[in-house]
Amino acid sequence: MEELLQRMARREATVGVIGLGYVGLPVVQALAGAGFSVLGFDVDAAKIACLQRGESYISHIPAERLLAYQRDGRVDFSSDYSRTAAADALIICVPTPLNDARDPDLSAVESTAGSVAEHLRSGQLIVLQSTTYPGTTDEIVRPILESSGLVCGKDFFLAYSPEREDPGRRDFDLRTTPKIVGGVDAASGQVAVALFEHLVETVVPVSSARVAEAAKILENMYRAVNIAMVNELKMLFDRMDVDIWEVIEAAKTKPFGYQPFYPGPGLGGHCIPIDPFYLSWKAREYGFTTRFIELAGEINRDMPHYVLRKIQAGLNARRKPLNGSRVLVLGVAYKKNVGDFRESPAILLVQELLSYGAQVSYHDPHVALFDSRRYGISLRSQELSAAMLAEQDCVCLLTDHKAFDLEAIVEAASFVVDTRNACASLPARLREKVVQA
Ligand SMILES: NC(=O)c1ccc[n+]([C@@H]2O[C@H](COP(=O)([O-])OP(=O)(O)OC[C@H]3O[C@@H](n4cnc5c(N)ncnc54)[C@H](O)[C@@H]3O)[C@@H](O)[C@H]2O)c1
């Protein structure tokens with residue numbers, strides 16, 4: 001342990017990052033920036049080849065820095081997991097999705113732990129960073145690693161530290177966002193804290209991996225529940241002819257005890273719609289039902305249907321059926337200014353529109369190909385022009401990307417459904433064409 005701590009203190013340690021996606025790739029950059037030698041691993045050979053060519057497949061992560069780090073020998077990428085033995089510490093950032101039954105799918109975590117176990121050696125630190133239910137590191141990852149014959153807390157160290165990345169955010173980054181770290185045992189916690197102290201300004205040590213896992217779920221559940229609450233209020237206030245957006249602006253003038261959340265077309269991304277259900281699943285083992293999570297999930301998952309009803313009602317008022325109508329979706333990414341459409345409400349909305357026979361197209365400056373085979377969608381982003389906007393029976397603003405010139409869009413369109421209140425400041429004559437959803 002002493003030797004590992006010293007290697008970290010002198011920044012002589014080699015750190016491996018497994019899973020080079022939205023979370024893993026920024027961690028590679030941060031480690032290299034902090035002076036560590038970094039080995040990046042991924043099962044996807046195409047991603048490794050892309051990185052080795054000095055290209056990045058994530059729009060907001062520039063390739064230049066990664067290439068410079070590769071050139072000066074600080075970073076190397078590989079699919080060969082036998083090289084994990086060369087790392088002093090390994091950070092696991094693989095996906096934790098839900099399966100078709102909406103239960104946790106830990107297969108990527110399990111197979112990664114299995115690959116690490118095959119090459120595990122004395123003195124290594126393993127940190128799980130994928131979001132998951134409390135107990136995963138201890139109950140799932142530890143036994144797999146110990147199948148190597150090495151003992152946790154004695155021969156190797158094991159900890160959990162959640163990722164709090166918020167893609168597209170500029171006011172906080174990996175360095176300035178406090179990092180929670182919890183070891184499976186005290187020694188593991190101490191070693192993991194020593195590593196992350198080099199990466200972030202504030203490390204928040206907690207007493208166990210379970211507490212760290214639970215804290216991450218609490219953060220995401222808090223968002224899911226509060227967003228569901230304002231989404232439900234939006235639907236009620238719409239019937240009462242009260243503007244939810246004005247209500248929120250008024251409520252947030254209270255300087256304490258209230259934090260604003262905003263309604264939208266539904267949740268998206270790899271975190272908020274998924275992570276709370278990891279806890280729901282685990283709760284069943286304890287004979288417990290997580291009602292807040294279930295209710296929030298029910299409301300948030302139904303929001304694209306609410307948008308659909310608004311489109312349908314607007315077209316109906318214009319004596320047009322959904323069948324055969326041209327509907328342009330503006331923005332399919334799950335949030336503004338990013339290109340990630342995993343779990344995006346656009347998937348369900350487009351699927352429903354297509355099932356009703358609408359002629360659906362979309363424009364998203366961050367998503368060239370909107371391709372979800374699981375949901376039978378394969379569309380390409382269309383160029384915007386006044387002529388193509390004028391041809392649409394409905395333009396539905398789903399994601400309020402900064403790049404959209406809303407004044408020009410609404411000017412050219414005949415009917416706009418706005419799910420983000422993005423058109424609120426347009427002139428009154430344009431707002432007449434806009435319906436909130
Ligand atoms: N994206 C976010 O903003 C965010 C924020 C906080 C936490 N998280 C969590 O971090 C974890 C990773 O998320 P992400 O968004 O980086 O995912 P991602 O899909 O962008 O990246 C995961 C990477 O892991 C690779 N991988 C390695 N081994 C794998 C295996 N055995 N099976 C499948 N894939 C394997 C994939 O090829 C992929 O490159 C998840 O648990 C997620 O919930 C994500």
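1. A quick definition to start: a residue is near a molecule or strand if its C-beta atom, placed from the backbone, lies within 6 Å of it. Keep in mind that this is a predicted model, where local features need pLDDT of at least 70 and side-chain atom pairs count only at pLDDT 80 or more, while totals for chains, interfaces and linings use all residues. Residue numbers run from 1 along each chain as its sequence is written.

2. On that basis 25 residues surround the ligand, the closest being Gly19, Gly21, Val23, Ala108 and Ser130. The shell splits into 11 nonpolar, nine polar and five charged residues (nonpolar: Ala, Val, Leu, Ile, Met, Phe, Trp, Tyr, Cys and Pro; charged: Asp, Glu, Lys and Arg; polar: the others, Gly among them). Helix H5, residues 107–119, gives the most to this shell, with three residues (helices are DSSP runs of H or I with at least four residues, strands are E runs of at least two, numbered from the N terminus).

3. Now the sheet: eight strands form an open, mixed sheet in the order S3-S2-S1-S4-S5-S6-S7-S8 (two strands pair if DSSP finds at least two bridges between them). S3 (75–78) and S8 (203–206) each have a single partner strand, so one side of each lacks a neighbour in the sheet.

4. Phe41 has Ser78 in S3 as its bridge partner.

5. As for domains, the assignment (automatic or from a database) gives domain 1 (2–206) and domain 2 (303–436). Their C-alpha centres lie 38 Å apart.
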